[in-house]
Amino acid sequence: MAAPTMKERQVCWGARDDYWQCLDENAGDSSRCQQLRRSFESSCPQQWIKYFDKRRDYLKFKEKFEAGQVQPSESTANS
Amino acid sequence: MRWEEVYFWGLQTSPSTPFRKRVYHKSIRAMLLLTRGPKAWPRLSLLKPPNLPRTLNDGTLCERAQHFSGRGPAKTVRQGQPLGPGLRTRLLITALFGVGLGGAWLAARAEKERQRQQRRTEALRQASVGQGDFSLLDHHGQARCKADFQGQWVLMYFGFTHCPDICPDELEKLVQVVQQLEAQPGLHPVQPIFITVDPARDDTAAMARYVQDFHPRLLGLTGSAEQVAQASRSYRVYYRAGPKDEDQDYIVDHSIAIYLLNPDGLFTDYYSRGRSAEQIADSVRQHMAAFQSVLS
């Protein structure tokens, strides 16, 4: 299976970005982004879809981590 | 009678004469005066007792001796001899000696530095030939090794063609660096190289298809699994193919860096994902300006 060309990559990335934007707008509710999800899945190799899904999870987790983390100065006041 | 007038077989003493010698002369003088008879004995009282603690300044020593011996400040040999020219001479000699020592030290240090540089140059010369060598095929099918790029600055990236986003991004950045440097007159063109860490799928045809999307001079290198492994080891690149899915597709996990090689073929610098194209171009320019070949 040949690797995607530059054009195919860009189509895939565009579809991914659209899908992610929809998710952002709907606060992660994927039920309202089904159309874009299908478009995303048809544009990208399966491995890439898995990869991008994991990447999205990681980015979301990172946001939560950086926002919800207790500030170090509060917990280590005496050190 | 002043002490200067007491000659002892042609020998003269002065305040700069070492204490030891002066004691010798004094004792001889004392004996001489004794032998001259009672008329000379009053002169004995003019002589200082030699059993005094040594100090640096014999002028004041003698003055102190005056007080210890109970004699008043009458006409004595060394009264009022302050820090005389003797001290200045001594200080000057010490200073000259210090300067001489300092100069010798600096010269020795410069020599040591020169030898260290020489050893380093020799080590680099050996490394430039032996280290980081690779034996791969370019995307035209031609065999290439590191020596082929001697005389050129090289920016290298390890990746694979099935890469979702990182490799295209990094290659795009690498190409921007090359273009920025190309735009600068007077600089030699930098050779961009892309080496695959997925030789199973990335044959020369796949590499040719891939590199054409980025830059006309981007050279794709591939080879057998052993050749790629050897090249990756040379540059400490980690890579590992992930699990295959139903399509037999897989993603290769690998370390991400752009490597800079100088015209001697020596590894010079590396740039991680966080560096922008402008930062990398600046760094390459600095290395170019500072470069001195060890092979010539």
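This is a predicted model: local features need pLDDT of at least 70, side-chain atom pairs count only at pLDDT 80 or more; totals for chains, interfaces and linings use all residues.
Partly exposed lies between buried (under 20% relative accessible area) and exposed (over 50%), using a 1.4 Å probe and protein chains only. The side chain of Arg273(B) forms a salt bridge with that of Glu170(B) at 4.0 Å, N to O. Glu170(B) lies in helix α5 (residues 166-182) of chain B and Arg273(B) in the loop between β9 and α8, so the pair ties together parts 103 residues apart in sequence.

A salt bridge requires a side-chain nitrogen of Lys or Arg within 4 Å of a carboxyl oxygen of Asp or Glu; 15 are found over all chains. In chain A, Asp24(A) and Arg56(A) pair at 2.8 Å, N to O. Helix α1 holds Asp24(A) and helix α3 holds Arg56(A), so this bridge ties together parts 32 residues apart in sequence.

| Residue | Relative accessibility | Class |
|---|---|---|
| Glu170(B) | 3% | buried |
| Asp24(A) | 44% | partly exposed |
| Arg56(A) | 13% | buried |

Arg201(B) and Asp249(B) are both buried, and their side chains meet in a salt bridge of 2.6 Å, N to O.

The buried residues of helix α7 (225-234) of chain B are Val228(B), Ala231(B) and Ser232(B). Down the axis of α7(B) they fall within an arc of 100°, so they line one face. On the other side, Glu226(B) and Arg233(B) are exposed.

Residues are numbered from 1 along each chain as its sequence is written, and chains are lettered from A in the order in which they are written. Local features need pLDDT of at least 70, and side-chain atom pairs 80 or more, while side-chain values use heavy atoms, without hydrogens and water.

Key:
Helices (H or I, at least four residues) and strands (E, at least two) are DSSP runs, numbered from the N terminus. The arc is that of the directions from the helix axis to the C-beta atoms.
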